[in-house]
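Student: Let's read some side-chain features together. Please give me the general idea each time, then the case at hand.

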Amino acid sequence: MKYVIVGGVAGGATAATRLRRLDEKAEIVILERGNHVSFANCGLPYYIGGVIPQRTSLLLQSPKSFASRYNIDVRLQQEVTDINCTGKNITILTPDGKTYTEAYDKLLLSPGAAPIRPNIKGIDLEGVFTLRTVEDSDKIKTYCENHSPKHVIIVGAGFIGLEMAENFHALGMEVTIIDKQKQILPYLDYPMVMPLQMEMKKQGVTLKLGRTVDSIENNPQGGLQLHCAKGETFDTDLIILSVGVKPETALAKKGNLKIGTKGGIWVNEYLQTSCQDIYAVGDAIEFPHPITGEPWLCNLAGPANRQARLVADNMALGNVQKYEGAIGTAIAKVFGKVAATTGLSEDLLKASGIEYCTSITHSASHAGYYPGGNMLSIKLNFCPQTGKLLGAQCGGGDGTDNRIDELALFIKLGATVEQLTQLEHAYAPPFSSAKDPVAMAGYVALNIVNGFVKHTLWSDLEYEKPFVLDVRTNDEFEHGAYPGAVNIPLDELRSRISELPNDKPIAIHCAVGMRGYLATRILMGNGFNNVYNVSGGYRTYSALQKGKTE
């Protein structure tokens, strides 16, 4: 059996080594058009910033190591230009301009995705870069060494854009981020990104959101000028374009393989393309989302490696495993703050027409009396009738990664918020609290589903115009409050209940939600039926205000 793999980074390299473990006698060939195989492209921003000092640390394998350990034939700078599905062979272009053909029994496409290069004037000027490969990082580092830029503009506020911002900041540059969206990290819901925006502003990063880039040109005084659609002009020394990626499908189209509605290579549940002996994995494919059932593109390393192992089994053993799909679990660190997401955000839920409810909790990452802890914020999106989890986001510091991983597995298994409360976690003061943040998020959401408490969001208060009751202490209230809120500390509420109106809704809040919940139950127990606990408390409101940008 002869397996040929097009693309030698995450998906291709993982599939090749799995194929070797399954079949010692097979002939396995990896064709990679770049200069490196199996490199860690997720580490490129940290190499540019010097966090990873050695370039070689990103190069996980080489053709020599593949050959000696796995008996795999790796060929670099070999671009596959055509597929003959009927004849089961491919055409390959070599660096010297010559071509040759290679036959296969089974073919795997893992071409990845390419950075989106917007159709704007000046995009090809010196000093304008995208980042996807080791060669891209080499070019950026060389440019910085030769020109010593003092200011950089990053176009795009996604995960890679923010990681680049942090690393350029660490190099001593002034950093401006421009994005057409009105918030950073558009994959997350608005309340969850505000703490990060607040931290970025604190660190001196300039956020210019809700802007569309119109053109780039050389600055007569040196450097570059970036022009936005509304007439704004920004001077800079370096521009990084990080506005997303698109699947590499040119080769698949050459082979007349089916392309899906989202523009990726169509695959079935076995990761098999429309041609029986050709499979595909990674950023280039589209696959139904496990929650919505709609095709989508998932450009993440974790799912690519999962697909690669599974597809190797199907290629070698005959379609023995169905791929369950990916829900888009991702995480980023920005100046010590961490944000993570999994499943569907509110925007995606709205776009899919799925009814949902949401809750926000703030809990200590570990026991409060043990030093070094931090507050973890968890936002759950769930079905209001059944409590089925639809999406989750987590932000804070240490412990964010563990919690989002737990939540991702819960969602993939079709769990409900009630099942979150059944989480049995390893507890010791340095690691968690007796009531883990994930379990606490489940309890709060379960109270909403069961009708034990009604809740509202800060964004709703402007339109609903309720009576806003702040049950924090007087000192907390004096240090900052929601405009127009009335302060009655929780411990005084029962004795001052006559001060509350009976003819309008009452929205109650505290610092993070716990005292607000207790106050809500007190009022409900005293005949007040139109009362709501404000999700996330004043901590969420404060972050929403401080994280706003111009």
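Student: How far is the sulfur of Cys275 from the closest cysteine sulfur?

Tutor: A disulfide is a pair of cysteine sulfur atoms within 2.5 Å. The closest cysteine sulfur to that of Cys275 belongs to Cys85, at 3.8 Å, so the gap is too far for a bond. This is a predicted model, where local features need pLDDT of at least 70 and side-chain atom pairs count only at pLDDT 80 or more, while totals for chains, interfaces and linings use all residues. Residues are numbered from 1 along each chain as its sequence is written, and side-chain values use heavy atoms, without hydrogens or water.

Student: How many disulfides does a search of the whole structure find?

Tutor: The count is 0. Cys298 is in no disulfide either; its nearest cysteine sulfur, in Cys42, is 12 Å away.

Student: Is Cys298 buried or exposed?

Tutor: Buried means under 20% relative accessible area, exposed over 50%, and partly exposed in between (1.4 Å probe, protein chains only). Cys298 has 11% relative accessibility, so it counts as buried. Cys275 is buried too, at 16%.

Student: Which side chain makes a polar contact with that of Lys2?

Tutor: A polar contact is a pair of N or O atoms within 3.5 Å; within protein, one must be able to donate a hydrogen and the other to accept it, and residues adjacent in sequence count only if both atoms are side-chain atoms. The Lys2 side chain meets that of Glu102 at 2.5 Å. A polar atom of the Lys2 side chain also lies 3.1 Å from the backbone oxygen of Ala103.

Student: Why does Lys2 count as buried?

Tutor: Because its relative accessibility is 14%.
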